[in-house]
Amino acid sequence: MTLNGITIMEKPDWISFDDIHELLYLAHAENREKRGFHVQTTEMTGEELEAHLGSTGKCYVAMDGKKLVGTASYRIVERNYWCVKGLVADRILVAVHPDYQGKHIVSLLGNAVEKSVLEKGLHYIESITAETNKPMRIACQKDGFRNIDFRVPTSDHYNVVMLKWLDGCPYPRWRTYAHFAFNRLRKKLKFKPGRIKRFGK
Ligand SMILES: CC(C)(COP(=O)(O)OP(=O)(O)OC[C@H]1O[C@@H](n2cnc3c(N)ncnc32)[C@H](O)[C@@H]1OP(=O)(O)O)[C@@H](O)C(=O)NCCC(=O)NCCS
C-alpha cells in the first residue's frame, strides 16, 4: 500500500533486523533524552529482535523509496486481562524515523498490522507503552485503542496497557476508564519506578 509517497509492506529480506534495530534506537532518542525512559527492545541486537518476535511474529515497514522510515511488528501471545482472555496480537517494535514523525505513518503501519491480525482470525491488538510516551498514547487513542490496565515499572517507567477490539468493544468507555484509573492509582501508591519495591519495605 502506498499513501503520500510512503509504502507499507511486510519486511522484505533485504531489510535486516539490524536495520530495524538501528531505526528503533534512533526513533527512541527523544524518549531516552527528553522523556527520560529507556525501552529494553531498543537495546536488542537484530538477532535478539528476531528471536523476540518468535515464530508467530510479523514485521512491517514503511518505506520512502528505498529508505526505511518506519516499522511495526506483532506477535501472538496468551493474555489474561480483566476484559479479555485468550490469544491477543501484541503490537511491538513500533518506531517512525524522527524526520518523519507527526505524519501519522504509525497509523498506516497499524492498518497493515490490523489487516494481518484479522486474517489470522484474532480480534484483539494490545499496545504497551510508557506512561510518559505522549505521541504513542495519542496515536493509539486516535486509532481506537483504549487504556485498560497499568503496569508496575520493571525499570525506569510505568507502562500503560492499551487494547483495541477489532469487532467493537463491549464495554462502555466509563467502565474501561474506571478500571484503568483505579489500577493506576493503586499501583502508583504501592510502587515507584527504578525500585520495584513497595514503599516502606
Ligand atoms: C510514537 C510514534 C511511533 C508515533 O508515530 P507518528 O507516525 O509520528 O505518529 P503520529 O503522526 O500519528 O503522531 C501522534 C501524535 O504525537 C505527536 N507527535 C509525533 N511525533 C512527535 C514528537 N517527536 N514530539 C512530540 N509530539 C509528537 C503528533 O503531533 C500527534 O499528535 P496530533 O495528532 O494531536 O498532532 C513515533 O513518534 C516514534 O517513533 N516515537 C519513538 C518510538 C516510540 O516511542 N515507539 C513506541 C514504543 S511503544
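Modeller: Happy to! The structure holds zero disulfides, a disulfide being a pair of cysteine sulfur atoms within 2.5 Å. Before the details, a word on the source: this is a predicted model, in which local features need pLDDT of at least 70 and side-chain atom pairs count only at pLDDT 80 or more, while totals for chains, interfaces and linings use all residues. Residues are numbered from 1 along each chain as its sequence is written, and side-chain values use heavy atoms, with hydrogens and water left out.

Cys59 is in no disulfide, and the nearest cysteine sulfur, in Cys140, is 17 Å away. Cys59 is buried, at a relative accessible area of 6%; buried means under 20%, exposed over 50% and partly exposed in between, with a 1.4 Å probe and protein chains only.

Leu93, which is not a glycine, has a positive phi near 50°. Leu93 sits in strand β5, residues 85-96, and is buried at 6% relative accessible area. Helices (H or I, at least four residues) and strands (E, at least two) are DSSP runs, numbered from the N terminus. His104, again not a glycine, has a positive phi of about 65°. His104 belongs to the loop between β5 and α4 (105-119) and is exposed, with a relative accessible area of 55%.

Next, some other buried residues. Tyr158, in the loop between β7 (146-151) and β8 (159-165), is buried with a relative accessible area of 10%. Tyr158 and Phe37 are 121 residues apart in sequence, and their C-alpha atoms are 9.5 Å apart in space. Leu53 lies in helix α3 and is buried at 5%. Between Leu53 and Gln40, 13 residues apart along the chain, the C-alpha separation is 14 Å.

Helix α3 also holds Glu50, which is partly exposed, with a relative accessible area of 46%. Glu50 gathers with Asp18, Asp19, Glu22, Glu47 and Glu48 in a patch of negative charge on the surface. The elements giving two or more residues to this negative patch are α1 (17-27) and α3 (46-53). Patches are made of residues with over 30% relative accessible area and no salt bridge, like charges being joined within 9 Å and nonpolar side chains (Val, Leu, Ile, Met, Phe, Trp, Tyr) within 5 Å. A salt bridge is a side-chain nitrogen of Lys or Arg within 4 Å of a carboxyl oxygen of Asp or Glu.

Note on methods: Accessible areas come from the Shrake-Rupley method with a 1.4 Å probe; for residues, only the protein chains shown count as cover. Lys and Arg count as positive and Asp and Glu as negative; His and the chain ends are not counted. The place of a charge is taken as NZ of Lys, CZ of Arg, CG of Asp or CD of Glu.
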